[in-house]
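Me: I would like to go through this model by question and answer.
Reply: Go ahead; here it is.

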Amino acid sequence: MSEAKTLNLVIVESPAKAKTIKKYLGPNFEVLASYGHVRDLVPKGGAVDPKNHFAMKYQVIEKNTKHVDEICARMKKSQALYLATDPDREGEAISWHLCEILKEKKVLGAKPVHRVAFHEMTRSAIQAAISHPRHLSMELVNAQQARRALDYLVGFNLSPLLWKKIRRGLSAGRVQSPALRLIVEREEEIEKFISQEYWTIEADLKTQKQAFGAKLIQYHHDKLEQFSITNKDQAESVVNELRTIANGKLKVEKVTRSQRKRNPTPPFTTSTLQQEASRKLGFTTQRTMRVAQQLYEGIDVGEGSVGLISYMRTDSVNLANEAIEELRRLIKDRYGADDVPPEPKVYKTRTKNAQEAHEAIRPTTPHLLPEAIKHALTPDQFKLYSLIWKRAVACQMIHATIDLVSVDLSCGEGNTFRATGSTITSPGFMKVYLEGVDEAESDEGEKLLPPLTEGELIDLEELKGDQHFTEPPPRFSEASLVKTLEEHGIGRPSTYSSIISTLQHREYANLEQKRFKPTDVGRIVNKFLTHYFTQYVDYDFTAKLEDALDDVSRGEKEWVPLLAEFWEPFIKLVHTTEETVQRKDVTQEALNENCPKCSKPLSVRLGKRGRFVGCTGYPDCDYTRSLDGTGETTTPQIVEGRQCPKCGGDLIMRMGKYGQFIGCSQYPKCKHIESVNKPQTTGVVCPQCHKGNLTKKKSRYGTFFYSCNQYPDCKYAINHEPMSEECPQCHWPILMKKTTKRKGTEKVCPQKTCGYAVPFEEGG
C-alpha cells in the first residue's frame, strides 16, 4: 500500500469478512480485521467497581495487540473510520472499544466515525450500508456492558464460594446455572420415574390383497384409556373373547373422510437452526455456528468471495420484501406456479423481546442452488447451506394437502376397532423440506388404507395383545435444551452455544449418546445454588433479567441502576452464605442407615472421583462404598511378584481421580506410582530422535498428549495426534491432526516457525 492517505478505513471482525467486503468497495477504502473482541475486563478483582457506579476497567486482549497496533497505524493515514462489525450488541461493543482505544492512542482526533450495519455480505447490502451510516448506539453498548458486568460479578463472587463450600476449581455462571438446573431436574425426574405396564389390542386385517391394522378403542361400550388393560392375563382374556365373537370377520361400521392443510415452518432463527442441524445433521451447536459464520462471512464460489447467508445470530422470522419476491420467483421457475401461494407468507416472531430488527437466516441469493456451488464448499458448509436454502424456499411455498381416512370396525356389540390412514394429495412445500422432530419419528407420510364401504365384512388375519411400558422423559439433547432455554427466555441467540460448551468444559454435564447427563459435581453445584441462591437460578428471574437487558438496549432502562438493583441483595447473600453454611451441609447427604463397622450414621459424600457412601465417623472409621452398594472397603489388592523400586515396599492397586493406578503401600512416606495401562502407541516414529515411537499419554490435568517412548533420553512431545506425513512446506517428518472451534479439524505442522495448515479430510 502506498504512503498516500487512505480516505476511509473500514473495520470488521474477521479476515474472511474483510476479504468479502473489500471487493465491493472502491480503492479509497482499506478494510482491516479486529479478530473479534479487542478489549476485555482486567482478569482480577476490581475489574467492576460497584462502589464507583460500576466503573469497568478494560485492557487490550493480549493476542489481539498486534491487530490493534495495525489498526492504529492505518488510522493515522486515514481520514474517516467506518465500523462494520456485526449488527448486534457484541458487534456494537467491539466498535465502541475500538473507538475508545483510538481516542486513547490519539490517532482519531476529529475524524468522522461512522457505524455501518448490514445483515448480509452482498454488494447491494454493503454499499447501501456505507451510503447510510449511523452513530454508535450507546444503548446497545451499555446493554452489552451490563451483561458483561453481571457475568463478572456473579462469577468472581460466587466461584470462590464454591471453592470453599464444595471443591477448588469450580465456577458458577449467571446463565449457565439455570441451564444446569434444567439438566439436573430432568435427571431427577428420570430417576424417580416408575414405569407402568399397559397393553393394546391390535387387529391385523386384509381385504383385496391389501393388509392394514386396527386398534381396539372401545370394549363393552367403554372407551379404552391407556391403562384400561394392564397385564398379560387381562389382555389374553380380551383377545380370546373378541376372537370368538369375531369368528374371522370384522364389520365396517363407519368411514370418515376429511382433509387437512399443513403449513410450512418459518425460516430459521439461530435457535431453530441449531435445533434442526442437531436433529438432521448431527451437528453440535458450536459446529453449527462455526459453519454458519463461514457461510455468512463469504466463500469464493467462482467470482470472488461472497456471503451465502444472512446474519446468523437472530431471533426474528421476518424476511425482507426483496428476499420474499426473489424466493417466489425461484419457486415459480423451479417448481411451477401452482406451488406459489397467491400472497406471500408472513411469519410473526414469537420470541419475546426479539433482539434488534434482524431478518431470519436465509440464502442471500436463492438462485445459487446448493448443488451448483457444492464444488466450492466443504462437506459441512454444503450440508448447512442446503438446510438453510431448503427451509427458506419451503417457507414461501403453498401448503401441503393431506387426505385423512378413519374407519371404525365392530366386533360384536360395543367393541370397536379403529384404523386410520392418510394420503398426501398435494405435497406443496413438502417437496422441498420437512421439519425434523426431537423424540420420535415423524408420522407425516402416506399410510394408505384400502377402499372400504360401510357394512363390508373384513377378514381378520390375527388378533393380538401388544405389551408396552411407559417411559421416563428423555434427557436433553443439544436441540431440546436450546429449545427449552428459548421457551424459558434464558439466554439470547449469541449465547446458546457458549452455555452448552461451558457446562461441558466445567464437567458439570457430559454428553452420553448425544444426551446430557449431569456429573456428580454438577449435581452438588446445582444443589448448592438452588438451595442457597434460589432466586438466581430461578427460570423466571433469569428471563426477567434478560428482558431488562433488552430494555437497556432499547434505551428504556438505565444500565447502572439495573446493576445496583441486582448487586446489593446478591452480595449480601454471598456474605451470609459464606458465614453460615458449612462444607458438609453442601457435600454430604444423610442416609437412614448406620455404618456396619462402627454403627455411626452413613452419608452420601463428594470425593475426588464423585459421590460415594461414607461413615460420618471419619477419620476414626474409614468405611466407604460406592453409591450402588458395591466396592466396600477391603484390604488393598497387592500386585503379586513386584516390590516398589524406590523403597522395596509392596505395590498395591489404588484408585485416583483418573481411575486405577499402582502405588506404593508405604504412601505418604514413599510416593512411587505407575500407570495400570501401558501408553498407547501411535506407530509414528519420533521426528527428533528417530529411535522411539510417539505414544498417547494422559497428563496430570486429564488432557492427552503424545511423547516419545524413549523418555527421559528424548523429551519430544506434542499436544495433538501425530500423523506419519511429511510437512510439504518445511519437510518436518510428521504433521498433527488439530481441532479448534474456529477452524475445525486441520492437518498442521508442529513446528511453530512453519505455519502449514490445511483442512483435514477423512480418508485423506
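**Burial, packing and bonds**

Me: Is Trp389 buried or exposed?
Reply: Trp389 has a relative accessibility of 4%. Buried means under 20% relative accessible area, exposed over 50%, and partly exposed in between, with a 1.4 Å probe and protein chains only. Trp389 therefore counts as buried.

Me: What kind of model is this, and how are residues numbered?
Reply: This is a predicted model, in which local features need pLDDT of at least 70 and side-chain atom pairs count only at pLDDT 80 or more, while totals for chains, interfaces and linings use all residues. Side-chain values use heavy atoms, with hydrogens and water left out, and residues are numbered from 1 along each chain as its sequence is written.

Me: In which helix does Trp389 lie, and how far is its C-alpha atom from that of Tyr433?
Reply: Helices (H or I, at least four residues) and strands (E, at least two) are DSSP runs, numbered from the N terminus. Trp389 lies in helix H11. Trp389 and Tyr433 are 44 residues apart along the chain, and their C-alpha atoms are separated by 9.6 Å.

Me: How do the axes of H8 and H11 cross?
Reply: Axes are lines fitted to C-alpha atoms, for helices over the stretch in contact, and angles run from 0 to 180 degrees between N-to-C directions. The axes of H8 (residues 270-281) and H11 (residues 379-394) come within 11 Å and cross at roughly 120°. Angles under 35 degrees count as roughly parallel, over 145 as roughly antiparallel, 65 to 115 as roughly perpendicular and the rest as oblique. That makes H8 and H11 oblique.

Me: What is the handedness of the crossing of H8 and H11, and of H9 and H13?
Reply: A crossing is left-handed if the near helix is turned anticlockwise from the far one by less than a right angle, and right-handed if clockwise. For H8 and H11 the crossing is right-handed. H9 (residues 285-297) and H13 (residues 496-505) have axes that come within 9 Å and cross at roughly 140°. The crossing of H9 and H13 is left-handed.

Me: How many aromatic pairs are found in the whole structure?
Reply: Rings of Phe, Tyr and Trp (its six-membered ring) pair if their centres lie within 6.5 Å; planes under 30 degrees apart count as stacked, over 60 as edge-to-face and the rest as tilted. A search of the whole structure gives 17 aromatic pairs.

Me: What parts of the chain does the pair of Tyr716 and Trp732 tie together?
Reply: The rings of Tyr716 and Trp732 are 6.3 Å apart, centre to centre, with 40° between the planes, which is a tilted pair. Tyr716 is buried at 9% relative accessibility, and Trp732 is buried at 18%. Tyr716 is in the loop between strands S30 (704-708) and S31 (717-718), and Trp732 in the loop between S32 (721-723) and S33 (735-740), so the pair ties together parts that are 16 residues apart in sequence.

Me: Which ring does the charged end of Arg186 sit over?
Reply: A charge sits over a ring if NZ of Lys or CZ of Arg is within 6 Å of the ring centre and within 35 degrees of the ring normal. Lys696 lies over the face of Phe704, at 4.5 Å from the ring centre. For Arg186, the distance to the ring centre is 4.3 Å, and the ring is that of Phe476.

Me: How many disulfides are found?
Reply: A disulfide is a pair of cysteine sulfur atoms within 2.5 Å. The sulfur of Cys689 is 3.7 Å from the closest cysteine sulfur, in Cys708, which is too far for a bond. For Cys72 the closest cysteine sulfur is in Cys99, 11 Å away, also too far. The number of disulfides found in the whole structure is zero.

Me: Where is the proline that a cis peptide bond joins to Tyr618?
Reply: A cis peptide bond joins Tyr618 and Pro619, with omega about 10°. Pro619 is placed in the loop between strand S22 (610-615) and strand S23 (624-625).

Me: What is the phi of His690?
Reply: His690 lies in the loop between strand S28 (680-685) and strand S29 (693-698). His690 is exposed, at 54% relative accessible area. Although His690 is not a glycine, its phi is positive, at about 60°.
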